[in-house]
Amino acid sequence: MNTTIETILSHRSIRKFKDQSIDSETLNTLLNCARAASSSSNLQCVSVLRVSSEENRALLAEYAGNQAYVAGASEFLVFCADFNRHQQIVPDAKLGFIEQTLIGAVDCALMAQNCLVAAESLGLGGVYIGGLRNNPDKVSALLNLPEHVFPMFGLCLGYPDQDPGLKPRLPLELIVHEDSYQEMDKDVLAQYDDTMRNYYRERTQGKNEQSWSEQISNTVSKEARPFMMDRLNQQGFAKK
Ligand SMILES: Cc1cc2nc3c(=O)[nH]c(=O)nc-3n(C[C@H](O)[C@H](O)[C@H](O)COP(=O)(O)O)c2cc1C
C-alpha cells in the first residue's frame with residue numbers, strides 16, 4: 001500500500017463543506033492534475049468551467065434538482081465535452097458523431113477523477129453532480145456554452161464537514177470476468193445486497209433499508225432523461 005492507493009481506497013462523496021476556501025495555488029494544482037489525464041487521440045476535448053458567481057451557483061444548485069451543496073461547496077467545476085475549439089481550428093470538421101460524444105464523456109470523466117483524487121490526497125473532498133443533466137439547456141444558457149460544448153457533470157470541492165462511511169462496492173467476483181463474460185453469481189449478489197442493506201440501515205438510523213438490487217431497480221425502472229438525445233443534438237452532439 002502507498003499513499004496514492006490509500007487515497008483512492010478511502011474515497012467517499014462529500015456533500016457538506018466547511019466555510020473554508022481552497023487557495024488558488026491548490027486549485028491550480030488540482031486543475032493541472034485534471035489536465036494531465038490521458039485523452040482520446042490527444043483530442044483534449046474538455047473545457048472546465050469554474051463557477052464562482054454566487055448567483056450562478058444558486059441557479060445551478062436549483063437546475064441540478066435543488067442540491068444545496070452545489071452552492072455551498074468552496075469550488076464548483078463543470079466538466080464539458082468541447083469540440084468547439086476543434087471546429088474553430090478546422091472549420092469543416094466532421095462533428096456530431098455519437099463516437100465524439102463518447103470520447104467527450106470519457107475524457108471529462110478521466111480529467112475530473114484525476115482532479116478529485118488529487119483533491120482527496122490533500123484532505124479535500126467532493127461529489128460529482130450529474131444532476132446538471134436534469135436541465136442541460138438551462139445550464140448551457142447560463143454558462144454561455146456554444147454549439148459543440150455539452151455540460152457532462154459538475155464537481156463540488158471543498159474541505160469536508162462530514163465523515164460518511166465508505167459505501168461498499170460490488171465484490172470483484174461480480175465485476176471482473178476472466179476471458180469470457182460470466183453469468184452473475186446470485187449468491188454473491190445476495191451477500192452484497194445484505195451488506196448494502198446494513199450500510200443504509202446504519203447510515204440512516206433505520207430509515208432506509210434498501211438492498212442494492214432494490215435501489216437500482218428504482219432507478220432503472222424509470223426512463224433515463226428521455227430528453228437527452230434532443231438536448232445533445234441542440235448542442236451539436238450525437239446527430240449520427
Ligand atoms: C457522474 C456522476 C454523477 C453523480 N451525480 C451526483 C449528483 O448529482 N448528486 C449527488 O449527490 N451525488 C452524485 N454522484 C455521486 C454518487 O451518488 C456516488 O459516487 C455513489 O453513490 C457512490 O458513493 P461514494 O462516492 O460515496 O462512494 C454522482 C457520481 C457520478 C460518478
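This is a predicted model: local features need pLDDT of at least 70, side-chain atom pairs count only at pLDDT 80 or more; totals for chains, interfaces and linings use all residues.
In the domain assignment, the chain is divided into domain 1, which comprises residues 3-164 together with 225-234, and domain 2, which comprises residues 172-209. The C-alpha centres of domain 1 and domain 2 are separated by 29 Å.

The ligand takes up the space of the largest pocket, and the shell around the ligand consists of 13 residues, of which H11, S13, R15, Q67 and K167 come nearest. When the shell is sorted by class, four of its residues are nonpolar, five are polar and four are charged.

Several polar contacts are found between side chains and oxygen atoms of the ligand. For S13, one of the residues that come nearest to the ligand, a polar side-chain atom is placed 2.6 Å from a ligand oxygen atom. For K167, also listed among the residues that come nearest, a polar side-chain atom likewise lies 2.6 Å from an oxygen atom of the ligand. In the case of R169, an N or O atom of the side chain lies 2.8 Å from an oxygen atom of the ligand.

How values were computed:
Residues are numbered from 1 along each chain as its sequence is written. Side-chain values use heavy atoms; hydrogens and water are left out. A residue is near a molecule or strand if one of its heavy atoms lies within 4 Å of it. A polar contact is a pair of N or O atoms within 3.5 Å; within protein, one must be able to donate a hydrogen and the other to accept it, and residues adjacent in sequence count only if both atoms are side-chain atoms. On a 1 Å grid over the protein atoms alone, a cavity is a set of points where a 1.4 Å probe fits but cannot get out, and a pocket is an open set with protein on both sides within 12 Å along at least five of seven lines; lining residues have an atom within 4 Å of a point. A molecule sits in a cavity or pocket if more than half of its atoms lie within 2 Å of its grid points. Ala, Val, Leu, Ile, Met, Phe, Trp, Tyr, Cys and Pro count as nonpolar, Asp, Glu, Lys and Arg as charged, and the others, Gly among them, as polar. Domain bounds come from an automatic or database domain assignment.
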